Amino acid sequence: MTVPPDAPYDPNAIPDPHRRVKEPPMPQGGWVTVPHGRTQSDPPPYEAPPPHQGPPPYEGPPPYQGPPPTGPAPAPGPQPGPPPEWQTQPSSGWQPPAPPPGTWEQLGPPLPQPPRSRRGPVVAAIAAVALIAGGTVSYIAISDSHSGYGGAATPREAVASLVSDLNKSDLLGILDHLPPGERSALLDPLSEAIDQAKRLRVLKETADPAAVSGVAVTATGIKFASSGDETINDHVKVVKLVGGTIDINADLSRVPFTEQYLDAAFPNGIPASASSNETINLAKVDREHGPVRIAAEKVGGKWYPSLMYTIADNMVHQSGDVNPGPSDYIAAQGAPSPVEAVKQAVVALENSDYQRLIELTSPDELRVLHDYGGVILRNASPAATSQAKVKDLQLTTHPVSGAVRVSLKSITVTTPGHETTVAVAGNCLDITSDGNYQKVCANEIINAWNADPQHTKKLTGEQAAALSRFATGIPQIGIDVTATDGQWYLSAMRTYMDLSNALLEPLQDNDLLVLLKLVTR
Amino acid sequence: MRAALVLGAAGLVTMVLGTFLPWLRSGEVQRNSYASFGVLRRLIGFHGAAEMLLRGWPLLGAVCALVVVLAVAGLLRVAAVLALVVAAWAAAVAGGALAHQPAAGVRVESLGPIVTITGTVVIAAAAIVILISRMWDRRASRDRATGRAV
């Protein structure tokens, strides 16, 4: 397009065919050719108005809202009358005159107002609030789920925290204070034992559990020794209590035993000695016997009051021995399999090799045995020489909660001139002694009982059935073995705790109560 | 529909609130659901279905927030289905806790589980109303589209 460089711009000039514009003389060099676009101050190029389809995009005056047209609707196409003054030009130097009011008529349907929805911001706000609230709730929830004891920064803090939970009778909190290894070894079998007791009608199902232990311990005014804690090694310290009182209220009648159990266990009623109330004055104990010593173990950088170390430390001090030193440490050395661990333990027992026994004990559960190994060996009595030798030992394994239980399959023991083999065969024992075979089952024990003239009362059918089922649990007895770093170790605490569970497992309903009556009659 | 949405939101709040009320008493100490499951996990552990249900329990609040976000974003059916799943999850945990027998000085406090279950019932009712309502709307739209009288 070629235009004079400074021609006055009249947007109405071109569309008006009746208006003539006086063209300026052509300058020297001709007209300036604008290759592309326009300058910012230039008016837009004129484009012929599109076929009329409604009002032009004029946004200056408000749409005409006057009286509706009464005549016939105007035909589409160019409008008669003065040409429309098109939209406002972007030029800063030129402003179109405001259209006279009333000259613009709204044609066609009214312009739809663009929807200005407020839904978007509201949705975003609600979503943001929900996410923040959900995140906060989850953060608090995760914090709460980790809000247990989890160890203390110092041994004293560990003991003080334990005392606090003792005073609140918070059994979960007390157990949570144990070092993880002890906790696992004690609680798995304990939990199972409680379930067994309820199943066998020893404990009430709906008893008030707040007093299930029958023991309430309250500590007040606990004072720690000003001399500080005693260091045993890099992960064990002993906290000394020199003041305050501990009230221990034990009452067997508060344990939620069933009436049937109490009748069976105490046919003459619960004895008066079954309840006691004792107050221990720690200052007095300190003056007479020295401070009360509670050992704390460091696990994972945190301190836990340790039941095992406390027992070991008190035994050492009561015997007048000295604390173990680094040379007393016996390193853990397990076996490649559960069966091999038990076999090596049997050989060690046979040879009175206590060091090997300590090596084979679980370092997670009984680290204390390894730390006090030298002390134990020094105080161990030399075992009497046994002439019995294990000639053959066959074992079987099955998984139990958190461990593998190794049970007897068969064992052959020789003594000078004799050889005896005992093999487990289902619920019976096959016993071969010097070539003589005998099968021992529960029924034979029952028959022998009934045939014994000293037993005036014969076993009832119910008692015989309970005894028979009890006998089936005997082959289930075994030694629990756990793995640490790929090696298998004996789990002594767990084995002890699981012993009753193995025996009680085959019993049903009130079998245990029947057996108790049989024993106490 | 709006009433169902409000009802569902109230159910979510009630359910989450219930999880922070007492669930377990040990001696004189009460613990909410998160602290209870945390200490029980450390002490005795969970196995099987209980472990499956409790593994992500602390994230219950975040899942509820997701339900709200989906609902306000207009994905009502997805939100309703997720709300039903959350309600079933929380109801299973709370019901399981209530059914648990007391043992060893520890007993379940009924306040927390009952409030939680109340919340889940409200959520479920709201979610079902929303789902049915959406289903009717969809059927009506289809009928209109095919020219049938509604």
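Predicted model: local features only at pLDDT ≥ 70, side-chain atom pairs only at ≥ 80, totals over all residues.

Trainee: How many disulfides does a search of the whole structure find over all chains?

Mentor: You look for cysteine sulfur atoms within 2.5 Å of each other. Here the search turns up one disulfide over all chains. Cys428(A) pairs with Cys441(A), with the sulfur atoms 1.9 Å apart.

Trainee: Which parts of chain A does the pair tie together?

Mentor: Cys428(A) sits in strand S10 (residues 428-433), while Cys441(A) is in the loop between strand S11 (436-440) and helix H12 (442-451), so the bond links parts 13 residues apart in sequence.

Trainee: Is the disulfide right-handed or left-handed?

Mentor: Check the torsion about the S-S bond. For Cys428(A) and Cys441(A) it is about 110 degrees, so the disulfide is right-handed.

Trainee: Are Cys428(A) and Cys441(A) buried or exposed?

Mentor: Buried means under 20% relative accessible area. Cys428(A) comes in at 13%, so it is buried, and Cys441(A) is buried too, at 15%. Over in chain B, Cys64(B) has 5% relative accessibility and also counts as buried.

Trainee: Now the helix residue. Where does Thr310(A) lie, and what does it touch?

Mentor: Thr310(A) belongs to helix H7 (residues 307-318) of chain A. Leaving aside residues up to four places away in sequence, Thr310(A) touches Arg293(A), Ile294(A) and Ala295(A). Its relative accessible area is 16%, so Thr310(A) is buried.

Trainee: What lies 2.5 Å from a polar atom of the Thr310(A) side chain?

Mentor: That's the backbone oxygen of Ser306(A).

How values were computed. Residues numbered from 1 in each chain as written. Chains lettered and ligands numbered in written order. Heavy atoms only, no water. Helix = DSSP H or I, 4+ residues; strand = E, 2+ residues; numbered from the N terminus. Buried < 20%, exposed > 50% of the residue type's maximum accessible area, 1.4 Å probe, protein only. Polar contact = N/O pair within 3.5 Å; in protein donor to acceptor, adjacent residues only side chain to side chain. Contact = heavy atoms within 4.5 Å.
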